[in-house]
Amino acid sequence: MKNTFDGKTIWITGASSGIGEALALELANNKTHLILSARRLNELERVAASCRKSECKCSIYPIDLSDPQNVEAVADRVISEVGRIDMLFNNGGISQRSYVIDTPVEVDRKIMEIDYFSGVILTKKVLPGMLKSGFGHIIAISSITGLFGFPLRSGYAAAKHALHGFYETLWAELHEKGINVTVVSPGRVRTNVSLEAITASGKPHGIMDHGQDSGLSAEACAHKILIAVHRRKVMANIVGREWLMIFFKKFMPFIFYRLVSKVQPT
Ligand SMILES: NC(=O)c1ccc[n+]([C@@H]2O[C@H](COP(=O)([O-])OP(=O)(O)OC[C@H]3O[C@@H](n4cnc5c(N)ncnc54)[C@H](OP(=O)(O)O)[C@@H]3O)[C@@H](O)[C@H]2O)c1
């Protein structure tokens, strides 16, 4: 995989923990320039310090993905200070734990801003430089909840479904001009995602759900993501037993609809 990542300038959002941190740490083993973004500066510094023990160069650009003006401003700064971005991992995001009936639309908008629009803004900012150089790779971290709806995750599922439409279109429009696109749909991965998931009150869920706790490690997930990027896959599902739900939804929807309405949501 070295040839794919060596010499590349790679921007990772959500790099302060979980899958984003694991992506940074694995990519650091290549001669890359990593741009690490998230809100928590101290956590970004911790990740950057680990990355710098390997071969890479590392720069930190804090960002608040919920604030489109901040996302635009940070993107402008990165492009003027760093130059062209070769790969963008739109990874930063939050999940949700609240029923449709209880969820104020402000919560839906916030999820949409973080999980969908922030990546759209960053993509549009880095694309001109990629097109000029004739190469670029944009990676959107979706979820299996981007492939089917699931209780307690209406806004999250909506934002992740939206990613598929946007990035599949981007690929169709620009892959012949050297722009690669990979949409990744992980199943459950052991990270802070359920602890940080937004509830109807706007506060974090604060619980490590059993599904996440028993999920794939962030490191294993990141490794599989990088293999998919190396192979220039347009869509990549990173799943264990969750493959059954994807299979039922696609080929036996009547079973999917029976199962998804009976599931004990956590
Ligand atoms: N874990 C899973 O089971 C799973 C499954 C499918 C898909 N995913 C997706 O994987 C991606 C990474 O999540 P994770 O599992 O690694 O969870 P995580 O450990 O909670 O990481 C989420 C990352 O997003 C950042 N982030 C959250 N809100 C932000 C904001 N407003 N502005 C800037 N950065 C923000 C966080 O950084 P700060 O708090 O420092 O800002 C953190 O670095 C997400 O898109 C998630 O939807 C996860």
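**View 1. Helices α2 (18–27) and α6 (154–174) each give at least two residues to the shell around the ligand.** Helices are DSSP runs of H or I with at least four residues, numbered from the N terminus. The model is predicted, with local features needing pLDDT of at least 70 and side-chain atom pairs counting only at pLDDT 80 or more, while totals for chains, interfaces and linings use all residues. Residues are numbered from 1 along each chain as its sequence is written, and side-chain values use heavy atoms, without hydrogens and water.

**View 2. The shell around the ligand holds 31 residues.** S17, R39, N91, Y156 and T191 come nearest; a residue is near if one of its heavy atoms lies within 4 Å of the molecule. By class, the shell has 12 nonpolar, 14 polar and five charged residues. Ala, Val, Leu, Ile, Met, Phe, Trp, Tyr, Cys and Pro count as nonpolar, Asp, Glu, Lys and Arg as charged, and the others, Gly among them, as polar.

**View 3. Oxygen atoms of the ligand face polar atoms of I19, K160 and Q212.** A polar backbone atom of I19 is 2.8 Å from a ligand oxygen. For K160, a polar side-chain atom lies 3.0 Å from a ligand oxygen. In Q212, a side-chain N or O atom is 2.8 Å from a ligand oxygen. Of the 880 Å² of accessible area (Shrake-Rupley method, 1.4 Å probe) that the ligand has on its own, the protein covers 96%.

**View 4. Helix α2 packs against helix α9 (residues 218–230).** Their axes, lines fitted to C-alpha atoms over the stretch in contact, are 8 Å apart at an angle of about 60 degrees. In α2, the contacting residues (heavy atoms within 4.5 Å) include A22 and L23, and those in α9 include A222 and I225. This contact has nine nonpolar, two polar and two charged residues.

Methods. Polar contact = N/O pair within 3.5 Å; in protein donor to acceptor, adjacent residues only side chain to side chain. Axes fitted to C-alpha atoms, helices over the stretch in contact; angles between N-to-C directions.
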